[in-house]
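Dear colleague,

Please find below the structure that I am handing over to you. My findings follow directly after it.

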Amino acid sequence: MYIEQAYKGLIDSWRYILGIVGIVIIWQFLGAFPLLAALATKEGGMSAMMSGNITEMSNVLGSNTFLFFMLLTFVFGLIAVFLVVKFIHKQSLKSLTTSRKKIDWKRVSFSFILWSTISVAFMFLDIYLSPEDYEFNFQLVPFLVLAVIAIAMIPLQTSMEEYLMRGYMMQGLGIITKNRWFPLLFTSLLFGMLHIMNPEVDKLGYGILIFYIGTGLFLGIITLMDEGLELALGFHAANNLTAALLVTADWTAFSVDSLYRDVSEPVLGWDLLVPVFVVFPILLLVFSKKYGWINWKDKLTGKVLSKEEFFKLENLDNG
């Protein structure tokens, strides 16, 4: 009963409205200040800042420096989510994370290792099948700097997105609407739309949103079926970390000093659609078998228990 964990805090609607406003202000405004300040000190930084073009800003600061400041905004966002949950909702981090007695780090690790392995395998398979599309881009010092920044900060970035979307908003919308299907679909669509400003959309078209929305739907499903964020936290961190370290391109959000550079003409191909329509369903079966998921319809589309029903059931379980 993951959504019902919100009952362990204060759930007034005004608290969620105030919480979202507070998170956005800290994340998008206070969090962006260090990046804007860094741009302001560089030649051409002001024009890049005004354009809002990610590629221009990266060129002004340098890819690794820009990546650091971009990820730093998400650190502010993650702190904001935790502060809102603690002080506005009086809810614990554990109940925001999982319905289990404690956070299951083995689940996080399993999901991270599984998706890292699959992602690396797919990337090197594509390099093997289409070597003309890639250039070996390895430079020791820039790559080591990238690795330190990515390993330290990308898990914070992805955790912020998970705690906000599949955590705070999933629980809040579920409590307000008293069902599971609306928060699942809404957060999936919102997750996809938040990526609409990424450079990939300009190059590949709005069809790429199928991948982002599909990924959001997958993460929402595993959160509801597993009654916690652990699998989503591991998966999302693995996805972004491998993407940043292994392959870059001039037209991606992570245009950094990765091992390889994709020099092909950008097209919306199988490598972006196969995960959504083939790999993700297979992963759902893997997770389902490993963790014994049942009652799919009820967990994904059923009603959310009332506060009284939830605490009565929890007291029975604890008894």
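The angle between α8 and α11 is about 55 degrees, and their axes lie 11 Å apart. Axes here are lines fitted to C-alpha atoms, for helices over the stretch in contact, and angles run from 0 to 180 degrees between N-to-C directions. The crossing of α8 and α11 is right-handed; a crossing has this hand if the near helix is turned clockwise from the far one by less than a right angle, and is left-handed if the turn is anticlockwise. On the α8 side the contact is made by E162, R166 and M170, and on the α11 side by G216, L219, G220, T223 and L224. Contact means heavy atoms within 4.5 Å. Helices (H or I, at least four residues) and strands (E, at least two) are DSSP runs, numbered from the N terminus.

Please note that this is a predicted model, in which local features need pLDDT of at least 70 and side-chain atom pairs count only at pLDDT 80 or more, while totals for chains, interfaces and linings use all residues. Residues are numbered from 1 along each chain as its sequence is written, and side-chain values use heavy atoms, with hydrogens and water left out.

Helix α1 packs against two other helices. Helix α1 (residues 13-30) and helix α8 (residues 140-177) pack at an angle of about 160 degrees, with 11 Å between their axes. That angle makes α1 roughly antiparallel to α8. The crossing of α1 past α8 is left-handed. Residues S13, R15, Y16, G19, I20, I23 and W27 of α1 meet M160, L164, Y168, M169, G172 and I176 of α8.

With α5, helix α1 makes an angle of about 155 degrees, and the two axes are 8 Å apart. Helix α1 is therefore roughly antiparallel to α5. Here α1 passes α5 in a right-handed crossing. In this contact α1 supplies R15, L18, G19, I23, I26, W27 and L30, while α5 supplies T73, F74, F76, G77, A80, V81, V84 and I88.

What surrounds H89, apart from its neighbours within four places in sequence? This residue sits in the loop between α5 (63-88) and α6 (93-97). H89 is in contact with G9, L10, R15, Y16, V84 and Y168. H89 is buried, with a relative accessible area of 0%; buried means under 20% relative accessible area, exposed over 50%, and partly exposed in between (1.4 Å probe, protein chains only). K90 belongs to the loop between α5 and α6, and its phi is near 55 degrees, a positive value in a residue other than glycine. Most residues other than glycine have a negative phi. E227, in the loop between α11 and α12 (230-246), likewise has a positive phi, near 60 degrees. E227 is buried, at 14% relative accessible area.

The largest nonpolar core has 60 residues, and those with the most contacts inside it are L164, Y168, F218, I222 and L283. A nonpolar core is a set of buried Ala, Val, Leu, Ile, Met, Phe, Trp, Tyr and Cys residues joined through side-chain atoms within 4.5 Å. Helix α11 (residues 209-226) gives the most to this core, with 9 residues. L283 touches L114, W115, I118, F218 and F235, residues up to four places away in sequence not being counted. Another core, of 31 residues, lies apart from the largest one and includes Y134, F143, I149 and L259.

A150 lies in helix α8 and is buried, with a relative accessible area of 0%. Beyond its neighbours within four places in sequence, A150 is in contact with P155, L241 and L245.

Finally, 3 strands form an open sheet of mixed pairing, in the order β1-β3-β2. Two strands pair if DSSP finds at least two bridges between them. The edge strands, each pairing on one side only, are β1 (134-136) and β2 (247-248). Strand β2 runs parallel to β3 (residues 260-262), to which 2 bridges join it. The bridge partner of V247 in β3 is Y260.

With kind regards

Notes
Angles under 35 degrees count as roughly parallel, over 145 as roughly antiparallel, 65 to 115 as roughly perpendicular and the rest as oblique.
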